[in-house]
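Welcome! Keep the picture open and look for each feature as you read.

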Amino acid sequence: MKAVKTVSGAALAALAALLMAGCAATAVRPGMSRDEVIAHYGTPSRVLPLGTGTRLQYSAQPAGQTAVMVDLDAAGKLVAARQVLTLDEFSRIEVGKWRREDVEREFGRPATVDRVGSWQGDVMTYRWLDLDTSKYFWVYLDAGNVVRRTSQGMEIPIRMNDNN
């Protein structure tokens, strides 16, 4: 029988903290040019005009759990960069006011857009990480693409051959 070593949750959390600290040392900073941001993050998954400049979206959806929004001013200089797939950011969604395009502008394209029998419109699904728990965040749209409801739940991984 072969021995298998496992890594504890605490060890994984410590490793993640070290990796994040290393990323912070090389993170983008306000005032950087668009070219410097792209050199750091790579080609954005989507570029959107904002009233005061441009937003570069770096979304890892559908498989990943992050989406970084990089806002540039009219001169192409970095104003802000933030990871938006968090509960604090999701709580900004205004039911009855936000539309599909508002959600996609603020969070990027969802991992999936589905239809379910108990809802008349589309359901946008975002995959995100809450501390160390994989979760889904759902945005329920009506037929006019207005947000009518949001909810969240745990992502339960599907394991192949779990009985072995």
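L131 counts as exposed, because its relative accessibility is 79%. Please keep in mind that this is a predicted model. The points below begin with the loops and then go on to the sheet, the cores and the confidence of the prediction.

- L131 sits in the loop that links β6 and β7.
- Although L131 is not a glycine, its phi is positive, at about 60°.
- N145 also has a positive phi without being a glycine, and here the value is about 65°.
- You will find N145 in the loop between β7 and β8 (147-154).
- Is N145 buried, exposed or partly exposed? N145 counts as partly exposed, because its relative accessibility is 24%.
- Q61 and P62 are joined by a cis peptide bond, with omega at about 10°.
- To spot P62, look in the loop between β2 (53-59) and β3.

**The open sheet**
- Four strands form an open sheet in the order β1-β2-β3-β4, and their pairing is antiparallel.
- At the edges are β1 (46-50) and β4 (78-83), each of which pairs on one side only.
- From one strand to the next, the twist averages 20°.
- Between β2 and β3, the antiparallel pairing runs over 7 bridges.
- S59 has A67 of β3 standing opposite.
- Helix α2 (residues 34-41) lies across β1, β2, β3 and β4, and runs at about 0° to β2.

- In soluble globular proteins, nonpolar side chains tend to be buried together.
- The largest nonpolar core here has 16 residues, and the members that touch the most others are L85, F90, I93, V103, F107, Y126 and V139.
- At least two residues of this core come from each of β3 (67-73), α4 (100-107), β6 (123-130) and β7 (133-141).
- Another core, of 9 residues, lies apart from this one, and its members include M32, V68, V70 and L78.
- Which residues does F90 touch, leaving out those up to four places away in sequence? F90 touches L85, F107, Y126, W128 and F137.

**How confident is the prediction?**
- The chain has a mean pLDDT of 86, with 82% of its residues reaching 70 or more.
- Residues 1-25 have a pLDDT below 50, and this stretch has 1 contact in the model beyond near neighbours in sequence.

Note on methods
Residues are numbered from 1 along each chain as its sequence is written. This is a predicted model: local features need pLDDT of at least 70, side-chain atom pairs count only at pLDDT 80 or more; totals for chains, interfaces and linings use all residues. Side-chain values use heavy atoms; hydrogens and water are left out. A nonpolar core is a set of buried Ala, Val, Leu, Ile, Met, Phe, Trp, Tyr and Cys residues joined through side-chain atoms within 4.5 Å. Buried means under 20% relative accessible area, exposed over 50%, partly exposed in between (1.4 Å probe, protein chains only). Contact means heavy atoms within 4.5 Å. pLDDT is the predictor's confidence in each residue, from 0 to 100. Two strands pair if DSSP finds at least two bridges between them. Axes are lines fitted to C-alpha atoms, for helices over the stretch in contact, and angles run from 0 to 180 degrees between N-to-C directions.
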